[in-house]
Amino acid sequence: MKLLSVSLVVGALFLTSCGQSSTEPGASASADQTKRYKWRMVTTWPKNFPGMGMAPEKIAERVRIMSNGRLDITVYGAGEVVPALETFEAVSQGTVQMGHGASYYWRGSVPAAQFFTAVPFGLSAQEMNGWLLHGGGMALWEELYARFNLVPISGGNTGTQMAGWFNKEINSLSDLQGVKMRIPGLGGEVFEAAGGTAVNIPGGEIFTSLQTGVIDAAEWVGPFNDLVLGFHQVAKYYYYPGWQEPGPNLELIINQDAFNELPKDLQAMLRNASLAVNNDVLSEYTARNNQALKELVEVHKVQVRRLPDDVLAALKVISDEKVRALVGEDPLNRRIFESYEAYRRSVMDYNELSERAFHNARAKLEGYEP
Ligand code: CA
C-alpha cells in the first residue's frame with residue numbers, strides 16, 4: 001500500500017502541474033472544480049479477482065486519490081449489477097458509466113473488437129501496447145467504439161497465456177475431436193473448426209463446469225490466475241503455448257456522454273490511471289506466473305505439455321482464415337486488419353534481431369531445451 005501511495009502522489013503531482021500550466025484550447029477554465037461525480041463501473045470479472053479483476057479496483061482507487069474524491073467510482077463484480085457478458089451493452093446504453101473487461105467478448109456484435117484483445121498468433125503484450133499507443137491502433141479502436149457511444153482505454157494485459165487444461169493428452173489433431181472446451185473469442189472459432197466445441201463462460205463458472213463434466217477442457221489465463229481457480233483439482237494436463245491469446249489487452253470502457261460531462265482534468269486522470277494500471281497488471285502477471293507454475297508442478301503435480309507442432313500448424317492455418325473472415329465487408333474492419341497486420345509483420349521482423357534473438361541466445365547459454 002505504501003508503494004502504491006508514493007506512485008499515486010507522483011502521478012497526482014504530475015497531473016496537478018499539467019493542470020496549472022494548461023492553456024490547451026477547449027480546457028475550460030470555468031469547468032466546475034468542486035462538482036463531485038459518483039460513478040458505477042461494472043466488470044466481467046469475479047469481484048476482487050487477483051490480477052485482472054483488481055485492475056478496475058486499482059483504476060478507481062487511483063482516480064479517487066488523484067481527484068481528491070471528485071470522481072468516486074464504485075466497482076461491481078460480474079453479476080452484481082449486470083451479468084459479466086452484458087457489460088458492453090450496459091455501458092453503451094448508459095445504465096452505468098464505466099465497464100472493465102475484454103473486447104473479444106463482444107465479437108458477436110462487434111467482430112473487429114477482437115483485434116483489440118487478441119487474435120490467435122497475433123501480438124504479444126509488449127507488441128500490442130506498441131500498436132495501440134504508437135502504431136495507430138488506438139485511433140482505430142476509438143473509431144470503432146464511437147459507433148457504440150463508448151470511449152475505450154487499455155486497462156490491463158495478462159501477457160502470453162497458456163493453451164489450457166485438458167484431461168487427456170493431445171498428441172494429434174484427432175485428439176481435439178469432440179472436446180468441449182471453454183475458449184472464448186476467435187480462438188474458440190478456430191478450435192471449433194479444428195473439430196472441437198467451443199463455449200464461452202465467465203471465469204467464475206469454469207471450475208464447476210469442468211468438475212461436473214459440462215466441459216472437458218478450459219483455457220482461462222495462466223498459472224497465476226488458474227491456480228487461484230483451482231483447475232489443477234479437476235484437470236490433469238496443462239498445455240502451452242497460448243496460441244489463442246498471445247498478449248490480450250483488457251479494456252476500460254466509458255460511456256461517451258458521461259465522459260463528455262467530465263472536466264478535462266478528470267478525463268485526463270481516468271486515462272492516466274487506466275494506462276498506469278495497464279502496465280501494473282502486466283508487471284504483476286510477469287512476476288507471479290513463475291511462482292504459480294512452480295507450485296502447480298511441484299506441489300500439485302500438474303503435467304505440463306507442449307502442443308505438438310503439427311497441431312499448432314493446423315490451428316495457424318485455420319486462424320489465418322478466421323481472421324480474414326471476421327474482417328468482412330466493413331471498410332473500418334478492413335482498415336483495422338490492415339493496420340494490425342502491417343504492424344505485426346514489421347514488429348516480427350525486428351523481433352527476430354531483438355527479443356527472440358536475445359531469448360534464444362540466453363536460453364541456449366543457460367541450458368534450456370530448444
Ligand atoms: Ca484466455
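Trp131 touches Phe115, Phe116, Leu123, Gly136, Gly137, Met138, Leu140, Ile336, Ser339, Tyr340 and Tyr343, leaving aside residues up to four places away in sequence. Contact here means heavy atoms within 4.5 Å. The model is predicted: local features need pLDDT of at least 70, side-chain atom pairs count only at pLDDT 80 or more, and totals for chains, interfaces and linings use all residues. Residues are numbered from 1 along each chain as its sequence is written, and side-chain values use heavy atoms, with hydrogens and water left out.

Trp131 also belongs to the largest nonpolar core, of 87 residues. Such a core is a set of buried Ala, Val, Leu, Ile, Met, Phe, Trp, Tyr and Cys residues joined through side-chain atoms within 4.5 Å. Buried means under 20% relative accessible area, exposed over 50%, partly exposed in between (1.4 Å probe, protein chains only). Trp39, Phe115, Trp131, Trp220 and Leu270 have the most contacts inside this core. Helix α10 (residues 264-298) gives the most to it, with 9 residues. Another core lies apart, with 20 residues, among them Leu176, Val179, Trp243 and Leu315.

Trp220 leads on to the calcium ion. Its protein donors are Gln161 (OE1), Glu219 (OE), Glu219 (OE), Trp220 (O) and Glu245 (OE), 2.2 to 2.6 Å away. Donors are N, O and S atoms within 2.8 Å of the metal (3.2 Å for Na, K and Ca); water is not among the atoms, so sites may look incomplete. Along the chain, the donor spacing is Q-x57-E-W-x24-E. Glu219 and Trp220 are both buried.

Technical notes:
Helices (H or I, at least four residues) and strands (E, at least two) are DSSP runs, numbered from the N terminus.
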